Amino acid sequence: MERVAIVGASMTRFGQRDAWVRELLAEAGAAALDDAGVDGDDLDHLYVSNMASGEFEGQTGVPNALAHDLAAQPAYTARIDQTSSSGGAGVYAAWQSVASGASDLTMLVGGEKMTHRTTSEATDVIASLTHPVEYKQGVTLPSFAGLTARLYLDEYDAPRESLGKVAVKNHENGVDNPHAQFRKEVDLDTVLDSPIVADPLRLYDFCPITDGSAALVFCPESVAEEYAPDGNYAVISGIGGATDTHVVHERADPTTMGGVVDSSDIAYEMAGIGPDDVDVAELHDMFTILEFLQSEDLGFFEKGEGWKAVEEGVTDRDGDLPINTSGGLKSKGHPLGASGVAQVYEIFKQVTGDAGPRQVEADTGLACNVGGFGNCVTTTILEGSQ
Amino acid sequence: MSDHESDDATGSDEQEGGNGDEPTFEAAEYADGTVTHPPHTVSPNGAERVGTVDLREREGRVVTWTTSTATPPGVREPNTLAIVEFEMGDDYDGPPVRALGQIAERGEPGGSGGAADADGGEQFDVDIGDRVEPVYADELREPGAGIREPESQDWDGFRFRPVK
């Protein structure tokens, strides 16, 4: 099996954008092609990670539209929908396409246009992934987060403030990310005094609704220096995908995300490393509680101890294991199909030493992209070539 | 099968409502003895479905709860939800049987009150560990107000209220 390199990367500014999904995808796609020094018609495969362009704006068929906009015909195209983990699933598909030998040059573009919808409408589009017995009760992804946060705080005797500190940390990181939706710090009092959304979680425990796009270019490592003449690129050393139950209340332990455990086990084994070898991580902090759950289920910390790591500054940018140097979904924003791609974009920047003021010492980085409330997960491990 | 009720081996696709006069809070029982709500084609271990269990008359305990203040179209606001674990009896040794449900409103007469007339009603207070029982509601959420096709699923079901 071919080792797969990433030789080009881009992302648009995340936030409230005038552009629609086709334009957002084309913006990121064109920039990634430019970054890799290739043209659209050099691509063998072109994937689009997108959850719901049909539901959000009535635009379907986006892979073909993007191929045309980037003059990428006759590249093979496909849309990858795995809800909020569409981006991670797209990375998996792009990796497969090159590792299998089916493609010598693949581009993945993830994107979503959401902000033209009201919060209520956007929340409902996302909640439509739930089982009928959940949907009719009016459940939303934020309410799953509230249910889980209450149980976590109760079971592990964690202070409510520790969740707020995730938001404070990630907003602080987002200040230095020119692509982030929110580039401003928030203090703990602001987080803890913000309006309740899903008790005990408040407004600042949640990521925003976002427009945006991100893109990556993949090739066999054996030819990576054709596209990265300076020899500076990243290699996907491990990748794993897994699912957990569709119905959230059927999980044995509601504070454990089985898909995170299983996908990371696969990725670690492929990479030949363990959690202690990871230098930097991008986690799916759609809600602050998810950063605790993933940091534990990835093996970074013992079960019930993730909150202590945040309290002790371990996950700060200058800590032993920086988490969400990009600002995370919390600060950077969460345009569904783009988020998993943007997580890998940040890790690519970190392991190639190109993260600017966000740079940390990192040879190995990990991205964990979660769909639903842990329903589908992709974990990707990157290593820098230098 | 212990004290579980059972009927056909194929089971019904209906989650609540059943085929008789009385609505049922339907869970599935499988050949390996496990029970799940909602019913699935096979058990978590892959065993075939052999019958149904009506959870309506069972009590449960609150595993966790939240009050959502930002609800989607057609949903009461606020909306207090709980995950409830049912008491399945000493003979049951399968995985926990749980359901997610709305918390009932004070004065709700044991079942009536759809999404529209329930809107804004005062909901019971619950906490982790509290004992609760199911209460039927003929409309939990307004069909057609959200993105899901109204005919694609049922909209009645069960809320939970504290056991006195």
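**Labels and their grounds**

Reply: T83(A) counts as buried because 20 C-beta neighbours lie inside 10 Å; the cut-offs are 20 or more other C-beta atoms within 10 Å for buried, 12 or fewer for exposed, and partly exposed in between, with C-beta atoms placed from the backbone. The model is a predicted one, in which local features need pLDDT of at least 70 and side-chain atom pairs count only at pLDDT 80 or more, while totals for chains, interfaces and linings use all residues. Residues are numbered from 1 along each chain as its sequence is written, and chains are lettered from A and ligands numbered from 1 in the order in which they are written.

Me: Why is A71(A) called exposed?

Reply: A71(A) has 12 C-beta neighbours inside 10 Å and therefore counts as exposed. A71(A) is found in the loop between α3 and β3 of chain A, whereas T83(A) is found in the loop between β3 and α4 (86-99) of chain A. Helices (H or I, at least four residues) and strands (E, at least two) are DSSP runs, numbered from the N terminus.

Me: What is noted about phi of A71(A) and of T83(A)?

Reply: Phi of A71(A) is near 50 degrees and phi of T83(A) is near 55 degrees. Each is a positive value in a residue other than glycine. Most residues other than glycine have a negative phi.

Me: Why is α1(A) called oblique to α3(A)?

Reply: Helix α1 (residues 21-36) and helix α3 (residues 62-69) of chain A pack at an angle of about 50 degrees, with their axes 10 Å apart. That angle makes α1(A) oblique to α3(A); angles under 35 degrees count as roughly parallel, over 145 as roughly antiparallel, 65 to 115 as roughly perpendicular and the rest as oblique. Axes are lines fitted to C-alpha atoms, for helices over the stretch in contact, and angles run from 0 to 180 degrees between N-to-C directions.

Me: Which residues make the contact of α1(A) with α3(A), and how do they divide?

Reply: V21(A), R22(A), L25(A), A26(A) and G29(A) of α1(A) meet V62(A), A65(A), L66(A) and D69(A) of α3(A), where contact requires C-beta atoms, placed from the backbone, within 7 Å. These residues comprise six nonpolar, one polar and two charged. Ala, Val, Leu, Ile, Met, Phe, Trp, Tyr, Cys and Pro count as nonpolar, Asp, Glu, Lys and Arg as charged, and the others, Gly among them, as polar.

Me: What makes β3 and β9 of chain A edge strands?

Reply: The open sheet has nine strands in the order β3-β2-β4-β7-β1-β8-β11-β10-β9 (chain A), with mixed pairing. β3 (76-80) and β9 (280-282) of chain A each pair on one side only; two strands pair if DSSP finds at least two bridges between them. Three bridges join β9(A) to the parallel strand β10 (residues 364-371) of chain A, and A281(A) stands opposite L366(A) in β10(A).

Me: How many residues does each chain give to the contact between chains A and B?

Reply: Chain A gives 34 residues and chain B gives 35 residues. On the side of chain A that touches chain B, the largest share, seven residues, comes from α7(A). That side divides into 15 nonpolar, eleven polar and eight charged residues.

Me: Where in chain B is the peptide bond to a proline cis, with omega near 0 degrees?

Reply: One such bond runs from H37(B) to P38(B), and another from E77(B) to P78(B). P38(B) is found in the loop between β2 (35-36) and β3 (49-54) of chain B, while P78(B) lies in the loop between β4 (60-68) and β5 (79-86) of chain B.

How values were computed: Two residues are in contact if their C-beta atoms, placed from the backbone, lie within 7 Å.
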